[in-house]
Amino acid sequence: MKILMDESDVDVFRYLNDYLPLDGVTTNPSILAKGKGTAEKQVLQIADLLDKQTLHVQVVSVKYEQMVEEAKRISKALSRNVFIKIPVSPGGLKAVRSLKREGINTTVTGVYTTMQAVMAAKAGAAYVAPYINRIDLAHGNSEIVTKQIVQTFRTYGFSTKVLAASFKNMRQVISVMEAGVEEVTLSADLLKNLIHHKETDMSIEAFTEDFTSRFDNRNEMFLK
């Protein structure tokens with residue numbers, strides 16, 4: 001299981017990555033539009049900050065020819081391996097097939113159904129990104145869709161991995177983990193809540209209080 005940050009702010013990533021074992025970053029046009037500086041600057045800053053972690057960058061173009069050319073420009077601009085995010089559409093799947101032949105890895109995004117994921121895998125996508133919360137908001141069942149995608153890929157031996165996206169709560173994250181997805185990408189807010197629990201905080205406070213009250217207000221052991 002890999003956990004990525006769905007955000008473009010390098011300061012936020014640096015802070016979270018200092019204590020969370022993050023596996024990479026995903027971006028999209030909407031995220032970049034909310035960020036600081038140009039889209040290109042944000043992507044380059046993230047790319048420079050990452051070590052062996054993965055990076056997913058989405059094209060803005062919507063037509064086949066433009067998507068292919070934009071994907072090539074993104075790949076060339078970054079001095080590292082990058083997964084180009086392509087929306088699931090007729091032109092998008094055509095672009096995925098072309099980029100696959102040229103050795104450029106893709107992540108098919110905006111997936112709402114099992115068959116969209118299957119077609120993306122057959123086209124040669126390295127990843128598919130189902131939108132978990134948005135599936136539920138569209139009166140679908142993200143748990144069923146995710147399980148179907150994972151099981152179908154296993155049944156037919158697809159090498160395509162599932163990178164689940166668009167989460168609003170921890171229940172949804174646990175659900176896709178139970179389904180067996182390989183990776184998830186989470187907002188900074190959800191990442192901060194991965195290890196937070198008020199009862200844990202209360203336990204830590206109790207440990208400290210018990211120790212300091214017994215040992216002359218010391219809050220460390222083996223001090224010289």
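F222 has a relative accessible area of 80%, so F222 counts as exposed. Keep in mind that this is a predicted model. F222 lies in the segment after α11. Its phi is positive, about 60°, although F222 is not a glycine.

D216 also belongs to the segment after α11, the helix that spans 198–214. Here phi is near 55°, again a positive value in a residue other than glycine. D216 is exposed because its relative accessibility is 72%.

Now to N133. Is N133 buried or exposed? The relative accessible area is 11%, so N133 is buried. N133 sits in helix α7, residues 132–137. Leaving aside residues up to four places away in sequence, N133 touches A165, S166, F167, K168 and Q172.

The largest pocket has a volume of about 850 Å³. Its lining takes in 35 residues, and D6, E7, N28, I31 and K34 lie nearest the centre. The elements that give two or more residues to that lining are α1, α2, α3, β5, α7, β8 and α10. By class, the lining divides into 10 nonpolar, 14 polar and 11 charged residues.

The second largest pocket holds about 330 Å³ of space. It is lined by 14 residues, with A39, E40, V43, E70 and I74 nearest its centre. Two or more lining residues come from each of α2, α3, β3 and α4. What classes make up the lining of the second largest pocket? There are 10 nonpolar residues, one polar and three charged.

That is all I have.

Conventions:
Residues are numbered from 1 along each chain as its sequence is written. This is a predicted model: local features need pLDDT of at least 70, side-chain atom pairs count only at pLDDT 80 or more; totals for chains, interfaces and linings use all residues. Side-chain values use heavy atoms; hydrogens and water are left out. Helices (H or I, at least four residues) and strands (E, at least two) are DSSP runs, numbered from the N terminus. Buried means under 20% relative accessible area, exposed over 50%, partly exposed in between (1.4 Å probe, protein chains only). Contact means heavy atoms within 4.5 Å. On a 1 Å grid over the protein atoms alone, a cavity is a set of points where a 1.4 Å probe fits but cannot get out, and a pocket is an open set with protein on both sides within 12 Å along at least five of seven lines; lining residues have an atom within 4 Å of a point. Grid points are joined across faces, edges and corners, and a volume is the space filled by probe spheres set on the points. Ala, Val, Leu, Ile, Met, Phe, Trp, Tyr, Cys and Pro count as nonpolar, Asp, Glu, Lys and Arg as charged, and the others, Gly among them, as polar.
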